Amino acid sequence: MSRYDLLVKNGVLVLPFHGEIRADLAVSGGRIAAIGEDLGDAEEVVDAAGRAVLPGAVDAHFHLGIYRDMGLDAREETRSSLVGGATTVLSYFRTGRHYLDRTGPYREIFPEVLAAVEGRSFTDYGFHLAPMTVGQIDEIPSLVAEHGVSSFKYYMFYKGFDLATDSRDARAFTMGDEYDLGHLYLLLERIAATQEDHPELRLSLSLHCEQSELMRVFVDRVRDGGEPQNLRAYSEARPPLTERVAIAEAAVLAGHTGANVNLLHLSGADALREAVAARRRHGTDMRFEVTLHHLCLDHDALDARGGLGGKVNPPIRTAADSAHLWERVRDGQVDWVASDHACCMEEHKGDDLWPARPGFGGTALLYPVLISEGHHRRGIPLTRVAELASANPARAYNLWGRKGSLAVGFDADLAIVDMDREQRVTADLLLSAQDHCPFEGVTVRGWPETTIVGGRIAYRDGKPADTPTGAYLHRA
Ligand SMILES: [Zn+2]
């Protein structure tokens, strides 16, 4: 009789906030059952000699179903997550254009989303929801209590101006009500009030910070300016100033209402400086996210290669911006790193900057980029890498205790990494449906060879398991 379901032997376990230890790890019933030496027998043994064993990454910024069928995206894009050792994805969903292309109450629409994803996700998954109407704001208490949705989103740039269609009325896009600072205020107020009923949780609002009235001016200027309409132009059309103003506005309202906020995908030095100053000024619980692409891509390098595959909001900035982000990742000002994965095909990028769809995939590179560029190249400790990719998003989004560390009782979600394997990134390697890759040609050192989700081997040596086994995460 075997005592355990699975035993991971001889690896170096990376424990966030603690350190690295050489120990075996045993799994029973999908959870970590023991950590130590001579743990005995198991049904299945994985030899991790010479490997680092990290807690599976929690990719906290994802867009399942934004441009494609929700179920198909769940299957193909969470498969890509496994390649890089991500075992949980937290995906954004909103009503309006794209996604399900409709509006209505979340009590009707959210069960449809859950049904579409159920049985198709290779990773465990949860959703952040964006209340686009006043009616949806009223649903916040029941979304928390009944569906375990404990994080929400507001897009500061869906106001007055729809860039894709050049419409001066963004309501065609949001299919919502007046989507302005008043809406944001109501949203923050409701989250703060609901928080009172849930002292055990951290309810939060995630913010996409770009200011649309300023964007309008700069977009017009860049369009009429005669410069090449490339990714540099896109950055100039949505300059860092628009992020700074949006961050400042959001921070005042967050401070006033007392709601917890997360500032998403801060794109460069100006945005991060503004955010750090705002956090100091308002003293509220304000956490900062940066993305892989803002850390390791710059618009000049992408423009030299050509194409619009790297179009994303907020735009890719300069190499100096990336260097600044790495410094704040290193010194702990940045709380977590995420992919902002949105599977977007080349045909939807096209060769015209303005109608090109924003976003692209990257979930498979979460650990590889942090290990290669962060640990090997910049000396960031592996424990800190595990905090950035796993522990900190788990704590921010009410998953701690199940996700984010290697500890007895936590889910057995593991990334077993060959720290020295060099890998040149190609679209094929990432097992995403996306047919191009802005990271193409980047070489990383450190690559996951086995990914374990809930005690099951979900990916090994380049191959995913046949059956997706990911489960919905009720985060309340
Ligand atoms: Zn996003």
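How much space lies in the second largest cavity? The legends below, drawn from a predicted model, include the answer.

**View A. The second largest cavity and its lining.** About 50 Å³ of space lies in this second largest cavity. Its lining consists of Pro-55, Gly-56, Val-58, Thr-87, Thr-88, Arg-402, Lys-403, Gly-404, Ser-405, Asp-411 and Asp-413. By class, two of the lining residues are nonpolar, five are polar and four are charged.

**View B. The largest cavity and its lining.** The largest cavity holds about 70 Å³ of space, and the count of cavities of 30 Å³ or more comes to two. Among the residues that line the largest cavity are Ser-80, His-341, Thr-363, Leu-430, His-436 and Cys-437. The lining comprises three nonpolar and eight polar residues, with no charged residues.

**View C. The open sheet of seven strands.** The strand order is S3-S2-S7-S16-S17-S18-S19, with mixed pairing. S3 and S19 (463-464) each have a single partner strand and stand at the edges, so one side of each is left without a neighbour in the sheet.

**View D. The hairpin of S2 and S3.** Strands S2 (residues 12-15) and S3 (residues 19-22) pair in the antiparallel sense over four bridges, with Val-12 opposite Arg-22. Three residues lie between the two strands of the hairpin, and Phe-17 in the turn has a positive phi of about 70°.

**View E. S16, S17 and the helices on the sheet.** S16 (residues 414-424) and S17 (residues 443-453) form an antiparallel pair over eight bridges; Arg-424 stands opposite Thr-443. Helix H14 (residues 366-378) packs on the sheet, touching S7 (52-55), S16 and S17, and its direction makes about 135° with that of S17. Helix H1 (residues 70-83) lies across S17, S18 (456-460) and S19, running at about 115° to S17.

Note on methods: Residues are numbered from 1 along each chain as its sequence is written. This is a predicted model: local features need pLDDT of at least 70, side-chain atom pairs count only at pLDDT 80 or more; totals for chains, interfaces and linings use all residues. Side-chain values use heavy atoms; hydrogens and water are left out. Two strands pair if DSSP finds at least two bridges between them. Contact means heavy atoms within 4.5 Å. Axes are lines fitted to C-alpha atoms, for helices over the stretch in contact, and angles run from 0 to 180 degrees between N-to-C directions. On a 1 Å grid over the protein atoms alone, a cavity is a set of points where a 1.4 Å probe fits but cannot get out, and a pocket is an open set with protein on both sides within 12 Å along at least five of seven lines; lining residues have an atom within 4 Å of a point. Grid points are joined across faces, edges and corners, and a volume is the space filled by probe spheres set on the points. Ala, Val, Leu, Ile, Met, Phe, Trp, Tyr, Cys and Pro count as nonpolar, Asp, Glu, Lys and Arg as charged, and the others, Gly among them, as polar.
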